[in-house]
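Thank you all for making the time this morning. I would like to walk you through one chain, going from the overall layout to a few individual residues, and I will give the cut-offs as we go.

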Amino acid sequence: MKPTAVDPSTTSRAEAFELWMRAPNPMVTFFKTLDVTPLVRLSRSRSMKFNMLLCWCIGMAASSIVRNKLGEVNSCDVPFCDDLAQFERDYLRLTRKAAETCLNHDLSNHMVIGTSAIADTELDGAVGMNSGIFNNPFIIWGRYRKGIFKTTLPISFQFHHTQMDGAHAGKFLGLLQENIRTIKRSIF
């Protein structure tokens with residue numbers, strides 16, 4: 001298959017591309033510990049390389065991400081109020097509106113503290129970093145950790161914010177863990 005050139009301004013990531021290409025720190029890295037017990041067992045029982053099995057699971061996860069109706073997420077600034085009940089009403093109203101309209105809700109005349117809830121994925125941490133060299137998504141791992149009942153593998157997943165948001169990266173990592181968990185059903 002021949003690679004195809006893509007104009008970012010014609011994709012669903014056009015707005016993110018415009019925002020993050022000028023950002024001084026567009027790279028994001030997530031840290032996650034995976035349960036790789038099924039891979040270790042399969043590696044031993046079938047004499048297959050552990051790293052090959054992990055690479056296959058990564059490919060499976062990357063090729064099967066399901067997006068929301070527009071394939072994106074939106075930002076939603078919520079004005080702070082020290083009355084919790086009022087803050088809850090504002091939060092529910094504004095986030096519901098952003099979700100339904102697929103439009104960002106930005107407070108341009110307020111000081112904003114950015115937050116990002118990656119609620120579907122357990123993370124060991126997340127860090128922004130600007131490599132300036134590697135702008136493609138990148139996963140690094142070392143030695144897995146043997147426990148009594150399971151084997152774990154800490155990984156880092158770095159991605160450029162013009163390519164995806166945290167919700168997409170979280171979904172990818174969740175799919176990666178699911179592919180590892182169900183690998184025997186997937187290949188046999």
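What you see is a predicted model, in which local features need pLDDT of at least 70 and side-chain atom pairs count only at pLDDT 80 or more, while totals for chains, interfaces and linings use all residues. Residues are numbered from 1 along each chain as its sequence is written, and side-chain values use heavy atoms, with hydrogens and water left out.

Let me begin with the chain as a whole. Its secondary structure comes to six helices and five strands, and from the N terminus on, the order of the elements is α-β-α-α-α-β-β-β-β-α-α. I will call a residue buried when its relative accessible area is under 20%, exposed when that area is over 50%, and partly exposed in between, with a 1.4 Å probe and protein chains only. The accessible surface, from the Shrake-Rupley method with a 1.4 Å probe, where for residues only the protein chains shown count as cover, comes to about 12700 Å², and 57% of it belongs to carbon and sulfur atoms. If contact means heavy atoms within 4.5 Å, then among contacts between residues at least 6 apart in sequence, 75% join residues at least 24 apart.

Now to the interior. In soluble globular proteins, nonpolar side chains tend to be buried together. A nonpolar core here is a set of buried Ala, Val, Leu, Ile, Met, Phe, Trp, Tyr and Cys residues joined through side-chain atoms within 4.5 Å. The largest such core has 26 residues, and those with the most contacts inside it are Val36, Leu39, Leu54, Phe157, Leu176 and Ile180. Two or more residues of this core come from each of strand 1 (27-35), helix 2 (37-46), helix 3 (50-62), strand 5 and helix 5.

Beyond four places in sequence, Thr152 touches Thr33, Leu34, Asp35, Val36, Tyr144 and Arg145.

Helix 2 has Thr37, Leu39, Val40, Leu42 and Ser43 as its buried residues. In the loop between helix 2 and helix 3 sits Ser47, which has a positive phi of about 50° although it is not a glycine, and which counts as exposed because its relative accessibility is 70%. Further on, in helix 3, we find Cys55, partly exposed at 43%; from Cys55 to Leu176 the separation is 121 residues in sequence and 9.9 Å in space, C-alpha to C-alpha.

The expected span of a helix is 1.5 Å times one less than its number of residues, so the 18 residues of helix 4 should span 26 Å, and its end C-alpha atoms are 25 Å apart, which agrees. Its buried residues are Asp90, Leu94 and Ala98. They lie on the same side of helix 4 because they cover an arc of only 55° around the axis, the arc being that of the directions from the helix axis to the C-beta atoms. On the other side, Leu84, Ala99 and Glu100 are exposed. Just after helix 4, Cys102 takes a positive phi of about 60°.

How many salt bridges are there? With a salt bridge taken as a side-chain nitrogen of Lys or Arg within 4 Å of a carboxyl oxygen of Asp or Glu, the count comes to two. In helix 4 (residues 84-101), Arg93 pairs with Asp90, three residues away, with the closest N and O atoms 3.3 Å apart; Arg93 is partly exposed at 47%, whereas Asp90 is buried at 11%. The other joins Arg181 to Glu178, with the closest N and O atoms 2.5 Å apart. These two are separated by about one helical turn because they are three residues apart in helix 5 (residues 166-181), and Glu178 is partly exposed at 34%.

Key: Helices (H or I, at least four residues) and strands (E, at least two) are DSSP runs, numbered from the N terminus.
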